[in-house]
Amino acid sequence: MLLELIAIALIVVHFGVPVSYYWYLRKKWLNKPWNLREDPEYRPKVTIIIPTYREAKYIIRKLDNIYQQDYPRDRLEVIVVDSASDDGTPELVKKWAKMHSNIRVILLQEPIRRGMVPALNYALKHVSKDSDIIIFTDADAFWEVDTIKKVTKYFADTSVGAVTTCIAPLNGEKHIEAIYRSYYNVVRIGESKIHSTPVHNGALVAFRKKLLNRIGNLPTYTGNDDSTPASLIAFMGYRAIQINDTIVKEPIRKDQVSRKIRRAQHLVLHFIYTKNYARKCGIYKRTLFNRIWYIELFLHIMNPWLLLIALATLIVSILMGNLISALILALGIIVTCFKQFRVWLVTQLYLMIAIVKNLWNREIMWER
Ligand code: GDD
Ligand code: MN
């Protein structure tokens, strides 16, 4: 009797918290106005930084995609920072730059690979003095033609410090990744309307340069270049938002599972360390972002385990001959018919694997 009550309580908390949070954000915040001074005519100078390691397959398409942007080219600067790729990536960049002399492209080549974040820190030293906004973007992330304009218009408001976009898979609208994204995009935008979201997307993350400079170099403890600096800026009191009027596409790769686990690992490290890091740097300011932070910290680090403990409790209880527990478990198995439910379960599994795997390998530099 006691065991099944414990299991039910755990299940209610495990699903109740994220579901109520989702509905709360969706009903109360998602469609609220931004309350920001948006200026579609604002044209700050933008530096786009693309880190590359073995990106021969995508880099030309990536540069073309930036070249097609509806944004004054003399207000753009592109820095590709390559870490000793052996697949011809830097040569392709050089060739492309020669053929497109009306856009400023800088190629930086690191003699050895040290990982994405160190490469970006190196690139930050080469940003033009008059640049206002810095965008980090992956080589395999593709933007809409007006994406830069959509992003920069929010920076017209001086309270905005970081902006990221929605992302969707490039190939496979029905892929589980698409379902995952449709749920998370609502949450991220809702949080952004309140104040800021602690999870940003490396497919495109834009920063006000001044604020990025204030944090110093990008911290290397998480391995990500998106959520961590964005949250540090949110902890400073500035808005770090995910906008809803442009979508960036990224391909689903063959190694999707290991990549999802690696991203989860980075997020876990992010939630464990970033708030303290902000305190240590002396930039921490208490705002509504703090509450969002704790909910997401709970959802990323604690909540997945509740489900696992509930499952274990049910199994023990069934072994002790409890019928109701068997019924609950059977019900759980039946609901796995719903794809959304399966996506949720897989995400929880990734998070648990990520937490455990971080104990021996933090994937700060990952295989490609
Ligand atoms: N210069 C350099 N050096 N670039 C690298 C290195 C490196 O050692 N390792 C990876 N990159 C580049 C890739 O070429 C790509 O352009 C970008 O960094 C992201 O790497 P991916 O291998 O495509 O990883 P991802 O898309 O799964 O990683 C995402 O998640 C991270 C958070 O966990 C990205 O969105 C990252 O931006 C994000 O920080
Ligand atoms: Mn990528």
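**Helix pair and cavity**

Modeller: Helix α10 (residues 289-319) and helix α11 (residues 323-335) have axes that come within 8 Å and cross at roughly 135 degrees. This is a predicted model: local features need pLDDT of at least 70, side-chain atom pairs count only at pLDDT 80 or more, and totals for chains, interfaces and linings use all residues. Residues are numbered from 1 along each chain as its sequence is written, and side-chain values use heavy atoms, without hydrogens and water.

Biologist: How are α10 and α11 oriented to each other?

Modeller: Two packed helices are described by the angle between their axes and the distance between the axes. Here α10 and α11 are oblique to each other. Angles under 35 degrees count as roughly parallel, over 145 as roughly antiparallel, 65 to 115 as roughly perpendicular and the rest as oblique.

Biologist: Which residues of α10 and α11 meet?

Modeller: Contact means heavy atoms within 4.5 Å. From α10, Leu311, Leu314, Ser317 and Ile318 meet Ser325, Ala326, Ile328 and Leu329 of α11.

Biologist: How many cavities of 30 Å³ or more does a search of the whole structure find?

Modeller: On a 1 Å grid over the protein atoms alone, a cavity is a set of points where a 1.4 Å probe fits but cannot get out; lining residues have an atom within 4 Å of a point. The search of the whole structure finds one cavity of 30 Å³ or more. The largest cavity has a volume of about 40 Å³.

Biologist: What lines the largest cavity?

Modeller: Its lining includes Ile167, Glu177, Arg181 and Arg259. Strand β5 gives the largest share of the lining, three residues.

How values were computed: Chains lettered and ligands numbered in written order. Axes fitted to C-alpha atoms, helices over the stretch in contact; angles between N-to-C directions. Helix = DSSP H or I, 4+ residues; strand = E, 2+ residues; numbered from the N terminus. 1 Å grid on protein atoms, 1.4 Å probe; cavity = no way out; pocket = protein on both sides within 12 Å on 5 of 7 lines; lining within 4 Å. Points joined across faces, edges and corners; volume = space filled by probe spheres on them.
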